[in-house]
Amino acid sequence: MTDEPTPPAAPPRHRLLRTAGAAGIGLASAAAALGAGELAAYATGAPTAPVIAVGSAAIDLTPTPLKEYAVRTFGTHDKAVLLGGIYLTMALLAALAGLLAVRRPAVGAAVFGAFGALGAWAALSRPGAAAADCVPSLVAGLVGATAVLLLARLFRRALSTTATDRPGTEKTAERPGQEQHGPGAARQPVGSTDRRTVLVATAGTLAAGALAGVGGRALTDRRYDVTAARGAVRLPAPAEPLSPLPAAVHPNVPGLPPFTTPNADFYRVDTALTIPRIDPREWTLRIHGLVDRPQLLTFDELLREPLEELDYTLSCVSNEVGGPYVGTARWLGAPLPALLRRAGVRSGADQLVGRSKDGMTIGTPLESVLDGRRALLAVAMNGEALPLAHGFPCRSLVPGFYGYTSATKWLVDLEVTTFAAFDPYWVRRGWDRTGTVRTASRIEVPAPFAKVPAGEVTVAGTAWATHRGIAAVEVRIDEGPWQQAELAADAGPDLWRQWSHRWAAAAPGTHRIEVRATDSSGAVQPEQRTTPFPAGATGWHSTVVTVH
């Protein structure tokens, strides 16, 4: 029951405006809710903000084919698209809540209550969540429900007051203790006043919510900012510095990307909607599980280990044929095998599980970590402390495997276990357990659909078969005979290899160029195209150019 009058039916010409006004109070209430949630997240961290919590849970619940579609379609913008979708859905639900609230206030408020409950559940579902993590979403739900109830009450009163105005008659409001008389007496339409009150209240709520949201996010980012802490890291010199890579690893071909990928251009594919911020002074790494001597390392202790440099090409299993999710860097870190041997790996263990600060789990075959390859706990990338987006302060690297089975960013925990005992994040979603990098090659020059003049045309690109190495690259034009490409200097089996080929382009028109690579074992890259799921893409990369 409510003592508020139910607004009578409006003339058809007013219904659209009234519908827009009701939807507007829902949107304003949503802005207030999100703003309050962002302010509350100042105490609990950015990942607990309602939209981020819901988005993170949505990523975990999204079926693998849909995730792959998002990466394939939107690339590194997939997270922005997800957040945009969440905000759009919220806007639609908020508008619906406003429409409901003007007729059934409790139902409209319940929509915001449900959003708060959903956010609280999402926050608590995250690995390592604390009870306080649900507070921002609960606060958001309460503020949103309160705001929509108050705005809906004003809206209903305004409708009722307007409806009682007589046609052609202007109702007036008298000030207390003052009679209205005489031609100069102040007059003010009652319905107009109430409508202005609703408009001002709605706009004010919207503005306050937006300001709280922006301000809350800025305050939270400042509180948890680790930029200064990263800048203060002093990297020790490696025990045995590597020589600079020879210039011969990179063909002098205009347009061909550099052999070493700048940090700013290095690909990023992960599930983190907000980058974990870890103060290295508070960071610890726990090594436990099937070991005789569990270890707990601080960042300073890790830096005191005999650090090694590693030139290594890292690639993502989501890479399509010819895709961009691969890069090469010079990494600096502590040898992972030495740390595991110090802990004393027990017989029967066959999997090493890395856990990220954000709860991601990545499993690597233990025998491959200990078989002599240079697996690292990396702390630096191309001469500087790891960028925040690439795992600061520490990440793992194990050559020969895609990132999803070897490269845990924001690493805080290593567990020695078995494949039978634990399925990591991506394995539970159907991906191959091992994740061995497949042989791949791509054409980077000329660009797709380029127009090139007749005569000698340089075709160039990159090939990789991590931890096996590239022995040969072949190119063919218009399905003609395969021709050997010229390989740049070989920098080692853990690195990609760049190549070039001179093509005598005589015939004008459209031509198709294809490439394939052979690894050091003699295995030729297969022609058949397969999708990245479940074990990495295969197939020959091709491009089309026009000779004029």
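Residues are numbered from 1 along each chain as its sequence is written. Because the model is predicted, local features need pLDDT of at least 70 and side-chain atom pairs count only at pLDDT 80 or more, while totals for chains, interfaces and linings use all residues.

The protein has 11 helices and 19 strands, where helices (H or I, at least four residues) and strands (E, at least two) are DSSP runs numbered from the N terminus. Its radius of gyration is 31 Å, well over the 24 Å that the globule rule gives for 548 residues, so the protein is more spread out than a compact globule. That radius is taken over C-alpha atoms, and the rule is 2.2 Å times the number of residues to the power 0.38. Along the principal axes, the C-alpha atoms fill a box of roughly 100 × 70 × 40 Å.

Of the 548 residues, 50% are buried, meaning under 20% relative accessible area with a 1.4 Å probe and protein chains only. The protein exposes about 25600 Å², and carbon and sulfur atoms supply 59% of this area, which comes from the Shrake-Rupley method with a 1.4 Å probe. Among contacts (heavy atoms within 4.5 Å) between residues at least 6 apart in sequence, 75% join residues at least 24 apart.

A search of the whole structure finds 3 cavities of 30 Å³ or more. A cavity is a set of points, on a 1 Å grid over the protein atoms alone, where a 1.4 Å probe fits but cannot get out; lining residues have an atom within 4 Å of a point. Grid points are joined across faces, edges and corners, and a volume is the space filled by probe spheres set on the points.

The largest cavity has a volume of about 150 Å³. Of its 19 lining residues, N319, E320, A440, W464 and A537 are the closest to the centre. Strand 11 (residues 440-445) gives the largest share of this lining, 3 residues. The lining divides into 7 nonpolar, 9 polar and 3 charged residues, with Ala, Val, Leu, Ile, Met, Phe, Trp, Tyr, Cys and Pro counted as nonpolar, Asp, Glu, Lys and Arg as charged, and the others, Gly among them, as polar.

The second largest cavity has a volume of about 50 Å³. Its lining includes L336, L352, V353, G354, I362 and T364. Strand 5 (351-356) and strand 6 (361-365) each supply at least two lining residues, and strand 5 has the largest share, 3 residues. Here the division is 6 nonpolar, 5 polar and no charged.

How values were computed. Heavy atoms only, no water. 1 Å grid on protein atoms, 1.4 Å probe; cavity = no way out; pocket = protein on both sides within 12 Å on 5 of 7 lines; lining within 4 Å.
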